[in-house]
Amino acid sequence: MVLATNLGFPRIGAKRELKKATESYWKGEISEEDLLAAGREIRRTNWLMQKEAGLSHIPVGDFSFYDIMLDMSALLGAVPDRYHWNGGPVGLDVYFSMARGNSKLTAMEMTKWFDTNYHYIVPEFEQSHSFKLSSRKIFDEMEEAKALGIPARPVLIGPVTFLSMGKAKDGSDPLALLPQLLPVYKEILEKLKSQGAEWVQMDEPMLALDLSESQKEGLKTAYAALHGIGPKILVATYFEGLRDNLPLAASLPVEALHIDLRRGAGQLDSVLGALPEGMILSLGLVDGRNIWRNNLRASLDLAKKAVAKLGSDRVWIAPSCSLLHSPIDLDRETVMDPQLKSWLAFAKQKLFEISWIATALERGEAAIANELVTSDAVVKDRATSPRIHNPEVKKRMDSLLPSMMERKSLFKMRQVIQQESLALPKFPTTTIGSFPQTATIREARAAFKKGTLDLAGYTAAMKEEIAEVVRFQEEIGIDVLVHGEPERNDMVEYFGEQLAGYTFSQNGWVQSYGSRYVKPPIIFGDVSRPRPMTVEWSSYAQSLTSLPMKGMLTGPITMLFWSFVRDDQPKSDTCYQIALALRDEVLDLEAAGIRVIQIDEPAIREGLPLRKDNWETYLKWAVNSFRLSAAGVRDETQIHTHMCYAEFNDIIHSIGDMDADVISIETSRSQMELLEAFVNYKYPNEIGPGVYDIHSPRVPETHEMLVLLEKAAMVLDPSQIWVNPDCGLKTRAWAEVKPALTNMVEAAKLVRGLYPGTSYHSS
């Protein structure tokens, strides 16, 4: 029979229970057992929800207290020496030190998971490392699931993806460790089989990429070695089509293959033609990365084609990828516009969509007649709704000219004008934008939303917070100030709430990393800016100081990729619409006297297609969107951008083409390794390599930051260098931020003394 299955489920809890539990544990407010109990309750709720939806395979091991790649590092004993691991089971103290660092140790590197906004902890390797089974987590969760009567399918990151997504600190090839790694995978599979697991899901999203020969050979070697050892194996690919990797995937000695038919639309026929006799095909028909209701009739057409070719016993229905990237439950949205809500499905609703498709294939379409009627009505309603299309936006899009994407002068000319206007010292200091979101700020925002605090009271409270941030920056000697963004709930959601064409949820949280969750806005129609969004706050902050105040905006590419995006037009069109809206905001900030404007684009690398033959098209419209948002200003207005937690080597020329006057990037966790791309390219503009890892609770000492700045000055012209943290300070506490920024300013003063007369900045 056709089975309804799942690849993964959000781990955060419908009411963000995981965030509350982990952060309480970090603060010492609850015990380890309390934290573990919270995890068990979340898993139980998730499993029973999936069972109730009618799923035949329910993932186990997809839950994590921080990150599933970090879980795999713990399971396999891939613990860097600096954490002083004793070689026994990896405990929570070591686990969270790897993720977040501690008062004495730096955290492991963190970066984006393929082209998502989910961050994973990058495994660290050395050729001398020996792997061993070092965690009972997945086995304990299997026992929990069995006790609940859950049809469990344990989930593991496949060995080639695990090694490929890691980094060898000694410069060697991580894949050379495959022979040492495979015996541990065999041991894991044997234990899972002894627990009664019939199937195991091996996630190998590397199969969606342009593979090296060593990766191809690694996949062949790995699955030949694992064949017949334990449960039957499902190799899961997602985020793209298999394309040229299809013959390889079809040749692996495994019992089932999962394909993504949302991001890899159009590949079904070729996969059906290549699939060997007996191999089961899992169809990723329900979008795991977006929130639009499934077109059941279109999905059924694809599924019927597969059943006709393979038979019902060789077809499974599934989401395109793990539902980790979706909010949990649309039923909790009690104030959303009813029409817009009718167009959506969150993770819980997607479970039923999967089940309905499988039911229709088994029992006929009459078994889901009501669901098909509703689905057809939604498809028609979205296609014809006048709420989606704005003639004024279309008219403006039609009038776009290449000249609108060009600054008036070249950077070298702008730079001189900006030096005279801003009069900054050598190695100027700034921050990335946000300051701590204190309990006082959150309480005021909640009271304002509930109506218990009026607009005047809320505005006064936020202005008081802004004044405190400005005073602090002046006191410690920051050169270019920010207003701290107390009025902003999130760098994307804040703008989405003010732009036409967007809607937003009350509880649509998804995990970005660790306990950092975001609530992406939803782009349902044409985007425009009804009114200024940030000018009042930035102008007020500038009125408090004679120092330059940065206006802070989220760029068009990030606004696009960190939202749930409409799927009825090309992403490039939506991005240009957002860019035009932001262009209006930039010009209004400039008119209000803001001389430095930062347009953050942390998602530009994330948006890069997984296959290189699609890069050129994407990078052209992405770069042009940024330039469209920024290029209308005068030469003396300095445009900054910020990017974090990404590898830049492949797109460094496009970053240069963005033509921002200053770029700030994350470099502290990587010990300035990410600067290499800018060095090799000879990046011409100014750059702020982050010296303070804001994703760790530790306060870096002055000498640590000085060492990082000296490293940067050895490979960059010191006259290019700014001094700043890796990212915004929203998630940190004032008790950490004050000493860290004080140390940062002191490091800047010291490095100025080491490089006298080298800067083109005015002293």
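I count two residues as in contact when heavy atoms lie within 4.5 Å. Helices (H or I, at least four residues) and strands (E, at least two) are DSSP runs, numbered from the N terminus. This is a predicted model: local features need pLDDT of at least 70, side-chain atom pairs count only at pLDDT 80 or more, and totals for chains, interfaces and linings use all residues. Residues are numbered from 1 along each chain as its sequence is written, and side-chain values use heavy atoms, with hydrogens and water left out.

**Helix 4**

I started with helix 4, residues 92-100. Eight of its nine residues are buried (under 20% relative accessible area; exposed is over 50%, partly exposed in between; 1.4 Å probe, protein chains only). I listed the buried ones: Leu92, Val94, Tyr95, Phe96, Ser97, Met98, Ala99 and Arg100. What covers them? The cover includes helix 1, helix 2 (32-52), helix 3 (68-75) and strand 4 (119-121). Just after helix 4 comes Gly101, with a positive phi of about 75°.

I then looked at Arg16. It is not a glycine, yet its phi is positive, about 60°. Arg16 sits in the loop between strand 1 (3-4) and helix 1 (17-26). Its relative accessible area is 25%, so I note Arg16 as partly exposed.

Asp659 is another non-glycine residue with a positive phi, near 60°. I found Asp659 in the loop between helix 24 (652-657) and strand 20 (662-665). Is Asp659 buried or exposed? Asp659 has 18% relative accessibility and therefore counts as buried.

**Ser135**

Ser135 lies in the loop that links strand 5 (124-125) to helix 5 (137-147). Its relative accessible area is 15%, so Ser135 is buried. I set aside neighbours within four places in sequence and found Ser135 in contact with Ala74 and Leu75. A polar atom of the Ser135 side chain lies 3.1 Å from the backbone nitrogen of Lys137. I also checked Ser135 against Leu589: they are 454 residues apart in sequence and 53 Å apart in space, C-alpha to C-alpha.

Two packed helices are described by the angle between their axes and the distance between the axes. Axes here are lines fitted to C-alpha atoms, for helices over the stretch in contact, and angles run from 0 to 180 degrees between N-to-C directions.

I took helix 22 (residues 571-591) with helix 23 (residues 615-630): their axes come within 7 Å and cross at roughly 15°. That makes helix 22 roughly parallel to helix 23 (angles under 35 degrees; over 145 is roughly antiparallel, 65 to 115 roughly perpendicular, the rest oblique). The crossing is right-handed, meaning the near helix is turned clockwise from the far one by less than a right angle. On the helix 22 side the meeting residues include Cys575, Tyr576, Ala579 and Val586. On the helix 23 side they include Trp621, Asn624 and Leu628.

Next I took helix 15 (residues 391-398) with helix 22, whose axes come within 11 Å and cross at roughly 90°. Helix 15 and helix 22 are therefore roughly perpendicular. Val393, Lys394, Arg396 and Met397 in helix 15 meet Asp573, Tyr576, Gln577, Leu580 and Asp584 in helix 22.

**Cysteines**

How many disulfides are there? I applied the rule of a pair of cysteine sulfur atoms within 2.5 Å, and the count is zero. I checked burial at two cysteines: Cys321 is buried at 0% relative accessible area, and Cys727 counts as buried at 17%.

Conventions: A polar contact is a pair of N or O atoms within 3.5 Å; within protein, one must be able to donate a hydrogen and the other to accept it, and residues adjacent in sequence count only if both atoms are side-chain atoms.
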